Amino acid sequence: MEMSTYIPIIILFVIIYINSLNKKKELHKMILKKLSKQKEGRAKMNEMIKEFIGKECIVYTFQSQVTGVIEKVEDNWICIKKDNNTEIVNIDYINRIREYPKKKNGKKKTIFAD
């Protein structure tokens with residue numbers, strides 16, 4: 001083959017390469033934008049959870065539920081203490097938090113419906 005046939009092929013590869021670099025930059029910007037939105041949501045969630053510190057709560061996650069006193073909220077984690085055990089739950093996996101239901105006289109309810 002002559003050199004004149006290789007030139008269009010080389011130009012095509014250069015165009016494809018430049019196009020892929022632009023797509024990577026766009027993807028990188030999109031990922032950074034999504035991460036910044038998540039951080040804003042986490043900050044709001046942390047502030048809301050701080051209202052429950054010191055209260056006995058039920059924390060619902062995707063797969064289970066944890067009952068105990070919320071001790072502290074740090075970054076993206078909450079620390080829940082029940083009896084002598086401490087559990088740490090990632091805020092990203094929390095669906096719902098509610099204070100443990102109590103009767104009029106202040107005792108905990110044994111049966112409650114969600």
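This note sets out numbered points on a predicted model of a single chain.

1. Overall make-up. The chain has one helix and five strands. Read from the N terminus, the order of these elements is α-β-β-β-β-β. Among contacts in the chain with a separation of 6 or more, 37% are between residues 24 or more positions apart.

2. Burial and surface. The chain comprises 114 residues, of which 21% count as buried.

3. The nonpolar core. Twelve residues make up the largest nonpolar core: Ile 49, Cys 57, Val 59, Val 66, Ile 70, Val 73, Ile 78, Ile 80, Val 89, Ile 91, Ile 94 and Ile 97. Two or more of these residues come from each of the elements β1 (56–61), β2 (65–74), β3 (77–82) and β5 (94–99). The element that gives the most to this core is β2, with three residues.

4. Ile 91 within the core. Ile 91 is one of the twelve core residues. When neighbours within four places in sequence are left aside, Ile 91 is in contact with Met 45, Asn 46, Ile 49, Val 73, Asp 75, Asn 76, Trp 77 and Ile 78. Of these partners, Ile 49, Val 73 and Ile 78 are also members of the core.

5. Asn 76 and its polar contact. Asn 76 lies in the loop between β2 and β3. Its relative accessibility is 11%, so Asn 76 counts as buried, the cut-off being under 20%. The side chains of Asn 76 and Asn 90 are joined by a polar contact of 3.0 Å. Not counting residues up to four places away in sequence, Asn 76 touches Arg 42, Val 89, Asn 90, Ile 91 and Asp 92.

6. Two aspartates with positive phi. Asp 75 is found in the loop between β2 and β3, and its phi is near 50°, a positive value in a residue other than glycine. Asp 75 counts as exposed because its relative accessibility of 67% is over 50%. Asp 83 is found in the loop between β3 and β4; although Asp 83 is not a glycine, its phi is positive, at about 55°. With a relative accessible area of 65%, Asp 83 is exposed.

7. The aromatic pair. A search of the whole structure finds one aromatic pair. Phe 62 and Tyr 93 form this pair, which is edge-to-face, with 6.3 Å centre to centre and 85° between the planes. Phe 62 lies in the loop between β1 and β2, and Tyr 93 in the loop between β4 (85–90) and β5; the pair therefore ties together parts that are 31 residues apart in sequence. Phe 62 counts as exposed, at 56% relative accessibility, whereas Tyr 93 is partly exposed, with a relative accessible area of 48%.

8. Lys 72 on strand β2. Lys 72 has its place in strand β2. At 42% relative accessibility, Lys 72 counts as partly exposed. Ile 53, Trp 77, Ile 78 and Cys 79 are the residues that Lys 72 touches, not counting those up to four places away in sequence. Lys 72 and Asn 46 are 26 residues apart in sequence, and their C-alpha to C-alpha distance is 10.0 Å.

Definitions and conventions: Residues are numbered from 1 along each chain as its sequence is written. This is a predicted model: local features need pLDDT of at least 70, side-chain atom pairs count only at pLDDT 80 or more; totals for chains, interfaces and linings use all residues. Side-chain values use heavy atoms; hydrogens and water are left out. A nonpolar core is a set of buried Ala, Val, Leu, Ile, Met, Phe, Trp, Tyr and Cys residues joined through side-chain atoms within 4.5 Å. Buried means under 20% relative accessible area, exposed over 50%, partly exposed in between (1.4 Å probe, protein chains only). Helices (H or I, at least four residues) and strands (E, at least two) are DSSP runs, numbered from the N terminus. Contact means heavy atoms within 4.5 Å. Rings of Phe, Tyr and Trp (its six-membered ring) pair if their centres lie within 6.5 Å; planes under 30 degrees apart count as stacked, over 60 as edge-to-face and the rest as tilted. A polar contact is a pair of N or O atoms within 3.5 Å; within protein, one must be able to donate a hydrogen and the other to accept it, and residues adjacent in sequence count only if both atoms are side-chain atoms.
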